[in-house]
Amino acid sequence: MNATLERWSTRRAFILAVTGAAVGLGNIWRFPYITGENGGAAFLVLYVAFVLLLGLPVMMAEILVGRAGRRSPMQSLGYLAGQAGASRHWRLLGLFGAFTVFCILSFYSVVSGWSIEFFVTAVNGGFSGLGAAEVAAGFEGFLADPRRMTFNHTLFLFMTMTVVAAGVAKGLERLNNLLMPLLYLLLILLAGYATTTDGFGPALTWLFRPNFSAITPVVVMHAMGHAFFTLAVGACALMAYGAYMPERQSLPRAAGAVAVLDVSVALLAGIAIFSVVFSQGMDPGEGPGLMFVTLPIAFAELPWGALWLSVFFLLLLLATWTSSINLAEPMVATLQGMGLGRGKAAAVIGIAVWLVGLLSVLSFSALAEWRPLFGMNAFDLVTTIPTEIFLPVGGLLIAVFAAWVMPRQVAQAAMGVGEPGFRLWQAVVRWVSIPLAALVLAAGLL
């Protein structure tokens, strides 16, 4: 029996939904600091290359499986494996993907709660006149306060699961159609503001004039891993969205549009952030603290800085909200496939994610000394293992399933292209993307 799920009402809705799943912390928080740590433009060149060779083909594979199965990820994998005469155990990949997203959302909600705190502080002018030591101390004080951390974590997760519970058309689609254009508008405004700063020219040079001598094996692996992470592949989230895809929509065109939109967010955010950083003579390689320590200091010294800092943290909040909503969907779809209603499924997922998220909240205070594995605390473990190991494992297996296991006719029909186009995609996935995904996984395990 084909347990057909809801459908996106338009092609635009599908593209915005997948973009919403992809755009988030990876683009606005992680891309700027990882680019700063890895040589600027040289890293960017590698990143774009790996988006084309690794991220985009695997993203197409994941969407293709969902579109061919028209079920929840777990059901689609089992159904298509049965058609191919392969093991039905492939359906467990859908369960693994849901678990991966579950782990990611547990820390994503906590970090997104930081954006709520910083947005409110910026709106109230709380960063005005503060020096580096004061901003850093304020951030550390917030992390060490479990009540404030828990409140923001709870608020953000409630915002997320309320939308998911409303369904595809009334919840996800409606919010994506509203917030994604707003997100791009805010980005363009910030990039426009960046052109008025003294750091705009140096920022463009840093981002677009590569020094290839800066490329090392470590930089290559970081670029490869980020291309994989930023497109949200490997967790079956896009597989769930593929099941809702309109019949006549071109999968390659839709996936290409998502990749362009995703990379453009990273570039616009990079231009805005590095312009501000360079205008104050600060170090672009500041690391993860670039967002929550360096930027408030830099903006505070600029004309209208408090206003633009508020806009920036609003942008970050919107990006993480849309991303979290779209990441929660495959987990809810999985429980729906097991017979649970959408509202109850959203409540179960929300409560479970909230409880596990408390480990990340408390890892900066009551559980700061608890290091259960590899000398890492709970927050380090839940941010590292799912993103550096689980996502590559999921992406690798999805690519193998789509390119080697699925019946060829079924896969080509779901792709919606002619024989030459399908052969090209299949060859790239088999002989380029799968080996690269294996390298990303190997790097995560080392």
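Accessible areas here come from the Shrake-Rupley method with a 1.4 Å probe, and for residues only the protein chains shown count as cover. On that basis, the protein chain exposes about 16800 Å², with carbon and sulfur atoms supplying 67% of it. This is a predicted model, so to speak: local features need pLDDT of at least 70, side-chain atom pairs count only at pLDDT 80 or more, and totals for chains, interfaces and linings use all residues. Residues are numbered from 1 along each chain as its sequence is written, and side-chain values use heavy atoms, with hydrogens and water left out.

**Overall build**
- The protein chain has 18 helices and 0 strands (DSSP runs numbered from the N terminus: H or I of at least four residues for helices, E of at least two for strands).
- Its C-alpha atoms fill a box of roughly 65 × 45 × 45 Å along the principal axes.
- Buried residues (under 20% relative accessible area, 1.4 Å probe, protein chains only) make up 57% of the 446 residues.

**Contacts**
- Take contacts (heavy atoms within 4.5 Å) between residues at least 6 apart in sequence: 82% of them join residues at least 24 apart.

**Helices around the pockets**
- A pocket is an open set of points on a 1 Å grid over the protein atoms alone, where a 1.4 Å probe fits, with protein on both sides within 12 Å along at least five of seven lines; lining residues have an atom within 4 Å of a point.
- Helix 2 (25-37), helix 10 (217-230) and helix 18 (419-445) are among those that each supply at least two lining residues to the largest pocket.
- Helix 16 gives the most to the second largest pocket's lining, with 6 residues.

Conventions. Buried means under 20% relative accessible area, exposed over 50%, partly exposed in between (1.4 Å probe, protein chains only).
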